[in-house]
Amino acid sequence: MADVVQYKMERMLPELDDLERRGLFSRHEIAEIVKQRRKFEYRLKRPSPLKQDFVAYIDYEKSLDALRLLRKKAQMKKTGDRKVKKSVSDYAGVSRIIEIYRLATSRFKGDIELWFQYLEFCRERRNGRMKKALAQAIRFHPKVPGVWIYAAAWEFDNNLNAAAARALMHSGLRACPTSEDLWVEYLRMELTYLNKLKARKVVLGEDEGTLARSGKNAKDEQWRDENKELFMALDDKREDGKLSNLHEGDPKEKVDLFREQGLSVLRTVYSGSIKALPSSFSLRTRFLEILAATDLAHSEDMRNEILADMKRDFSEEPKYWDWLARQEVIDLSNPESTEAMTADQLSTAIQVYEEGLKFVPSASMFDCYVKFLMDVIHFRNQSSQSSEHFGASSHAIDPTSHLLVVFEKAETMGCITEDLACQHVSFLLQLGKVDEAKTLAEKLCSGKFSEAVQLWALRLSVEMRLIQKSCTPNKAALSSVFELMRNVLVKVPVSEAETIWLMAFKYFSTHKQLFDKLVETSMTLLAKDGGSDDGFSLSSAIVNFVLQRDGLGSARELYKRFLALPHPGLSLYRNCIELELNLASSGDKISLGNARKLYDTALTTYDQDTGLWRDYYHMEVQMGTSETAAAVHWRARKTLKTNISLLPSQ
């Protein structure tokens with residue numbers, strides 16, 4: 001290994017001598033470069049070098065080459081010599097980085113991110129190894145669409161070789177026929193190529209306009225300067241014979257021929273893509289976006305054809321109707337838009353949703369409908385032109401009142417879900433209709449949502465809001481809300497009722513008698529179901545709440561009661577240990593003893609929990625003695641056996 005590294009270091013001598021001779025690096029800096037490179041080379045020669053070793057070496061060489069380039073430019077500026085002959089040091093850095101990338105990708109062939117970094121570096125430096133690197137990337141990752149797209153884009157944009165780019169796209173589509181991105185990028189490439197042919201005719205004065213929709217016309221000379229690549233030879237042998245003879249005939253016929261050819265390309269690619277991906281909705285929408293951005297012949301007919309296909313294939317899916325309705329209005333995510341949403345647009349969108357409900361009378365359809373109306377209301381509230389948006393007609397639909405109608409319709413049709421029910425109640429609260437919200441929540445909670453936690457939490461919050469509004473809340477009202485809350489807590493599993501429990505602690509914390517009843521209720525439920533090892537731990541939440549409110553003594557008493565229950569849960573043990581260790585860190589010996597007892601008690605049930613043994617050992621190392629730490633380590637080794645490697649050594 002040392003001989004190989006030494007050989008590599010010796011091959012760097014011409015480059016290093018050149019750097020010193022040209023005054024770009026001092027002798028001391030070159031010595032440091034040699035030291036760093038030797039370190040990296042030894043890392044790469046290990047039996048199992050890591051990816052990070054290669055990446056670190058590449059980053060170092062990139063930084064070094066960037067520094068060399070900066071110093072060279074500064075030197076040229078100082079001497080005023082702008083034509084310095086290139087020497088070995090100008091090429092050695094890039095060559096070394098390419099070689100490291102080659103070694104890295106040979107070892108980590110499956111790392112697609114590393115391959116793309118390699119390709120991007122070759123492209124940026126216009127290195128001749130790009131073609132070979134692309135071939136290797138395709139060979140090792142033929143099922144990655146991004147590799148085919150990258151290769152085709154390089155041939156098309158850098159080499160101006162449309163035939164090679166098209167061949168790569170065809171190969172990619174055979175290897176990855178279900179890739180949306182490949183189909184879309186293939187279409188973009190073909191239309192771009194056609195547009196370049198069209199644009200070249202424009203520059204030569206034989207035609208007018210391009211296939212891209214644009215409201216601006218640049219001057220010929222400026223366009224010619226900005227698009228020099230269009231004057232290079234393009235391989236258009238595979239194009240239709242008509243395109244090669246466009247210099248003859250009527251100019252209007254030439255324009256139409258290009259537009260018709262573009263439509264033919266789009267129709268062909270679209271037909272192939274929907275055969276490969278018949279269930280892809282997003283693919284159809286992306287084709288429509290391309291069609292809208294391109295000036296093609298009979299584009300409206302093609303758009304209607306795609307829309308008809310979408311209705312045929314996706315009329316049973318809510319996302320289709322949601323997309324179709326939103327096409328009728330402006331972008332609701334941009335309140336600062338200068339466009340105004342007209343009453344007719346909103347009315348048309350609502351008609352689309354109503355038609356969708358006939359095809360898909362489901363909760364998902366109502367979710368989309370409600371979300372749309374809420375976006376409209378938000379847009380109206382945020383936009384500075386809200387008065388213009390909806391005030392153009394006396395019979396304009398009010399989205400707020402219509403949303404309430406939609407909520408009621410969902411309930412009538414049996415499509416109401418817990419989420420929709422919560423949104424309905426919340427919307428009434430936003431409108432300030434507290435009494436209506438309370439009545440609706442009572443109705444829903446007494447029906448099919450009798451165990452819906454979020455809806456109950458909303459109902460209880462409404463009840464509490466009404467009590468807080470009164471200047472002097474009476475005990476009867478408090479007791480009524482408490483009983484209502486306790487009834488639902490008994491009905492719903494503890495692990496699912498976190499929201500209601502936390503609400504109860506906060507609301508009844510100042511009412512000692514009711515809070516004590518709440519604690520007793522929790523004791524009863526935990527005795528029946530046990531504590532939680534993961535997620536929400538009710539006992540831990542109560543102990544923490546009492547600790548903040550009444551102090552350590554009350555919290556200690558309470559956690560001992562919880563620990564006496566069957567299966568109190570690991571979360572409670574950990575919480576109590578943390579509580580005691582906070583005091584033990586300040587020198588409280590009693591708390592340290594309590595923490596040890598808690599660890600020992602917890603390990604009687606969770607003796608195979610490696611993390612618990614590790615925490616116990618760390619505690620003894622930090623706060624105990626070497627003897628107590630050794631004892632814990634020995635017990636862990638005896639209990640865990642093969643898992644002892646997970647514990648830190650002494």
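How do the residues of the lining of the second largest pocket divide into nonpolar, polar and charged? They come out as 9 nonpolar, 1 polar and 6 charged. Keep in mind that this is a predicted model.

- Four helices, α1 (2–11), α2, α3 (27–44) and α5, each give two or more residues to the lining.
- The top contributor is α5, which gives 7 residues.

**The largest cavity**
- The structure holds 2 cavities of 30 Å³ or more, and the largest has a volume of about 70 Å³.
- If you want to find the largest cavity in the model, look for Glu15, Leu19, Phe25, Arg37, Glu61, Leu64, Asp65, Arg68, Ser89 and Gly93, which line it.
- Sorted by class, that lining has 5 charged residues, 3 nonpolar and 2 polar.
- At least two lining residues come from each of α2 (13–21), α4 (51–79) and α5 (88–107).
- The largest share belongs to α4, with 4 residues.

**The second largest cavity**
- About 40 Å³ of space sits in the second largest cavity.
- Its lining is made up of Leu526, Gly530, Gly531, Ser539, Phe562, Leu565, Pro566, His567, Pro568 and Leu572.
- No charged residues turn up in this lining, which has 6 nonpolar and 4 polar ones.

**Helix α23, one face at a time**
- Helix α23 covers residues 475–491, so to speak a run of 17 residues, and reaches 24 Å from its first C-alpha to its last.
- That reach is close to the 24 Å expected at 1.5 Å a residue.
- Which residues of α23 are buried? They are Leu478, Val481, Phe482, Leu484, Met485, Val488 and Leu489.
- Look down the axis of α23 and these buried residues fall within an arc of 160 degrees, so they line one face of the helix.
- Here's the general idea: an α-helix has 3.6 residues a turn, so residues three or four places apart point the same way.
- On the other side of α23, you'll find Lys475, Ala476 and Val490 exposed.
- What do the buried residues of α23 pack against? Their partners are α22 (453–469), α24 (498–508) and α25 (512–529).

Terms used. Residues numbered from 1 in each chain as written. Predicted model: local features only at pLDDT ≥ 70, side-chain atom pairs only at ≥ 80, totals over all residues. Heavy atoms only, no water. 1 Å grid on protein atoms, 1.4 Å probe; cavity = no way out; pocket = protein on both sides within 12 Å on 5 of 7 lines; lining within 4 Å. Points joined across faces, edges and corners; volume = space filled by probe spheres on them. Nonpolar A, V, L, I, M, F, W, Y, C, P; charged D, E, K, R; others polar. Expected span 1.5 Å × (residues − 1). Buried < 20%, exposed > 50% of the residue type's maximum accessible area, 1.4 Å probe, protein only. Arc of directions from axis to C-beta. Contact = heavy atoms within 4.5 Å.
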